[in-house]
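Here are my notes on the model you sent over. Have a look at the structure first, then read on.

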Amino acid sequence: MAERKGADLRDLMNTSVVTVQPETTVAEAASGMVRARVGSVVVLQGSFLAGILTERDVLRAAASGEDLSVSQVSAWMSKDPQAASPDMSAEEASQIMLLNGFRHLPVLDGRTVCGVVSIRDLFAAKIRRPG
(Lines give C-alpha, C1' and ligand atoms only; values in the text may rest on other atoms or scores of the structure.)
Protein backbone atom coordinates (compact mmCIF):
# COMPACT_ATOMS: atom_id res chain seq x y z
CA MET A 1 0.00 0.00 0.00
CA ALA A 2 1.35 3.41 -0.98
CA GLU A 3 2.22 5.82 1.77
CA ARG A 4 0.04 8.92 1.76
CA LYS A 5 0.94 12.45 2.69
CA GLY A 6 -1.58 14.47 4.67
CA ALA A 7 -4.96 13.65 6.05
CA ASP A 8 -7.73 11.41 4.84
CA LEU A 9 -11.18 12.87 4.29
CA ARG A 10 -12.48 11.19 7.46
CA ASP A 11 -10.28 13.68 9.36
CA LEU A 12 -11.45 16.71 7.37
CA MET A 13 -15.07 16.18 6.35
CA ASN A 14 -18.06 17.80 8.00
CA THR A 15 -20.12 14.98 9.49
CA SER A 16 -23.09 17.25 10.29
CA VAL A 17 -24.65 16.72 6.88
CA VAL A 18 -27.82 18.62 6.03
CA THR A 19 -30.09 16.36 4.00
CA VAL A 20 -33.28 16.97 2.03
CA GLN A 21 -35.54 14.97 -0.25
CA PRO A 22 -35.86 15.75 -4.00
CA GLU A 23 -39.33 17.23 -3.47
CA THR A 24 -38.12 19.73 -0.84
CA THR A 25 -38.47 23.30 -2.06
CA VAL A 26 -35.34 25.27 -2.91
CA ALA A 27 -36.37 27.89 -0.32
CA GLU A 28 -36.55 25.24 2.42
CA ALA A 29 -33.18 23.79 1.39
CA ALA A 30 -31.57 27.25 1.32
CA SER A 31 -32.99 27.99 4.76
CA GLY A 32 -31.44 24.75 6.06
CA MET A 33 -28.05 25.72 4.59
CA VAL A 34 -28.20 29.13 6.28
CA ARG A 35 -29.20 27.63 9.65
CA ALA A 36 -26.40 25.05 9.51
CA ARG A 37 -23.90 27.53 8.03
CA VAL A 38 -23.00 25.19 5.16
CA GLY A 39 -22.78 25.67 1.41
CA SER A 40 -24.61 22.54 0.31
CA VAL A 41 -27.30 20.03 1.16
CA VAL A 42 -27.20 16.36 0.26
CA VAL A 43 -30.31 15.14 -1.53
CA LEU A 44 -31.41 11.66 -0.50
CA GLN A 45 -33.90 9.37 -2.20
CA GLY A 46 -34.78 7.20 0.76
CA SER A 47 -31.35 6.59 2.29
CA PHE A 48 -29.39 6.78 -0.99
CA LEU A 49 -27.53 9.74 -2.48
CA ALA A 50 -29.60 11.23 -5.31
CA GLY A 51 -27.89 14.59 -5.68
CA ILE A 52 -26.36 17.66 -4.12
CA LEU A 53 -27.71 21.20 -4.06
CA THR A 54 -25.11 23.91 -3.54
CA GLU A 55 -25.21 27.63 -2.96
CA ARG A 56 -24.37 28.07 -6.67
CA ASP A 57 -27.47 26.02 -7.60
CA VAL A 58 -29.63 28.16 -5.31
CA LEU A 59 -28.24 31.29 -6.96
CA ARG A 60 -29.04 29.89 -10.44
CA ALA A 61 -32.56 29.07 -9.27
CA ALA A 62 -33.03 32.57 -7.82
CA ALA A 63 -31.75 34.19 -11.02
CA SER A 64 -34.25 32.16 -13.08
CA GLY A 65 -37.15 34.11 -11.61
CA GLU A 66 -38.92 30.92 -10.48
CA ASP A 67 -40.77 30.93 -7.16
CA LEU A 68 -38.30 29.18 -4.85
CA SER A 69 -41.03 28.47 -2.30
CA VAL A 70 -42.56 26.15 -4.92
CA SER A 71 -39.60 25.05 -7.10
CA GLN A 72 -38.27 21.66 -6.03
CA VAL A 73 -34.66 20.78 -5.29
CA SER A 74 -34.84 18.01 -7.92
CA ALA A 75 -35.04 20.66 -10.67
CA TRP A 76 -31.80 22.38 -9.61
CA MET A 77 -29.58 19.77 -7.92
CA SER A 78 -26.60 18.02 -9.48
CA LYS A 79 -27.93 14.51 -9.99
CA ASP A 80 -25.82 11.45 -9.11
CA PRO A 81 -22.85 13.53 -7.98
CA GLN A 82 -19.33 12.21 -7.88
CA ALA A 83 -18.49 11.14 -4.34
CA ALA A 84 -15.44 10.28 -2.28
CA SER A 85 -14.69 7.66 0.35
CA PRO A 86 -13.60 8.51 3.91
CA ASP A 87 -10.14 7.05 3.27
CA MET A 88 -9.49 9.15 0.15
CA SER A 89 -6.58 11.54 0.60
CA ALA A 90 -7.14 15.28 0.75
CA GLU A 91 -4.86 15.61 -2.28
CA GLU A 92 -6.96 13.22 -4.36
CA ALA A 93 -10.20 14.96 -3.33
CA SER A 94 -8.66 18.35 -4.16
CA GLN A 95 -7.72 17.11 -7.61
CA ILE A 96 -11.25 15.78 -8.29
CA MET A 97 -12.79 19.05 -7.11
CA LEU A 98 -10.45 21.29 -9.07
CA LEU A 99 -10.66 19.27 -12.30
CA ASN A 100 -14.46 19.24 -12.19
CA GLY A 101 -15.15 22.68 -10.72
CA PHE A 102 -16.77 21.32 -7.53
CA ARG A 103 -16.70 23.13 -4.21
CA HIS A 104 -18.44 20.34 -2.27
CA LEU A 105 -17.94 16.59 -2.44
CA PRO A 106 -20.20 14.08 -0.67
CA VAL A 107 -18.34 11.38 1.27
CA LEU A 108 -19.82 7.89 1.18
CA ASP A 109 -19.01 4.92 3.37
CA GLY A 110 -20.31 2.17 1.10
CA ARG A 111 -23.67 3.61 0.01
CA THR A 112 -24.21 5.68 3.17
CA VAL A 113 -23.51 9.42 3.21
CA CYS A 114 -21.21 10.03 6.17
CA GLY A 115 -20.00 13.55 5.41
CA VAL A 116 -19.31 16.36 2.98
CA VAL A 117 -15.92 17.88 2.32
CA SER A 118 -15.63 21.39 0.95
CA ILE A 119 -12.79 23.10 -0.83
CA ARG A 120 -12.59 25.33 2.26
CA ASP A 121 -12.04 22.24 4.47
CA LEU A 122 -9.20 21.13 2.20
CA PHE A 123 -7.55 24.57 2.14
CA ALA A 124 -7.85 24.86 5.93
CA ALA A 125 -6.14 21.48 6.37
CA LYS A 126 -3.32 22.52 4.04
CA ILE A 127 -2.79 25.75 5.98
CA ARG A 128 -2.78 23.90 9.32
CA ARG A 129 -0.39 21.23 7.99
CA PRO A 130 1.90 22.73 5.36
CA GLY A 131 3.39 20.08 3.09
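This is a predicted model: local features need pLDDT of at least 70, side-chain atom pairs count only at pLDDT 80 or more; totals for chains, interfaces and linings use all residues.

1. A compact globule of 131 residues would have a radius of gyration near 14 Å, and the chain comes in at 15 Å, so the two agree. Along the principal axes, the C-alpha atoms fill a box of roughly 50 × 30 × 25 Å.

2. On secondary structure, I get 5 helices and 6 strands. Their order along the sequence is α-β-α-β-β-α-β-α-β-β-α.

3. Packing next. Of the 131 residues, 44% are buried. Among contacts with a separation of 6 or more, 58% are between residues 24 or more positions apart.

4. For the surface, the accessible area is about 7,800 Å², and carbon and sulfur atoms hold 52% of that. The charge count is 14 positive against 15 negative side chains, with the centres of the two sets 6 Å apart.

5. Helix α4 is worth a look. It spans residues 90-100, and its buried residues are A90, A93, S94, I96 and M97. Viewed down the axis of α4, these fall within an arc of 165 degrees, so they line one face of the helix. The general rule behind such a pattern is that an α-helix has 3.6 residues a turn, so residues three or four places apart point the same way.

6. What about the other side of α4? There, L98 and L99 are exposed. After the helix comes G101, with a positive phi near 75 degrees.

Definitions and conventions
Residues are numbered from 1 along each chain as its sequence is written. Side-chain values use heavy atoms; hydrogens and water are left out. Helices (H or I, at least four residues) and strands (E, at least two) are DSSP runs, numbered from the N terminus. The radius of gyration is taken over C-alpha atoms; the globule rule is 2.2 Å times the number of residues to the power 0.38. Buried means under 20% relative accessible area, exposed over 50%, partly exposed in between (1.4 Å probe, protein chains only). Contact means heavy atoms within 4.5 Å. Accessible areas come from the Shrake-Rupley method with a 1.4 Å probe; for residues, only the protein chains shown count as cover. Lys and Arg count as positive and Asp and Glu as negative; His and the chain ends are not counted. The place of a charge is taken as NZ of Lys, CZ of Arg, CG of Asp or CD of Glu. The arc is that of the directions from the helix axis to the C-beta atoms.
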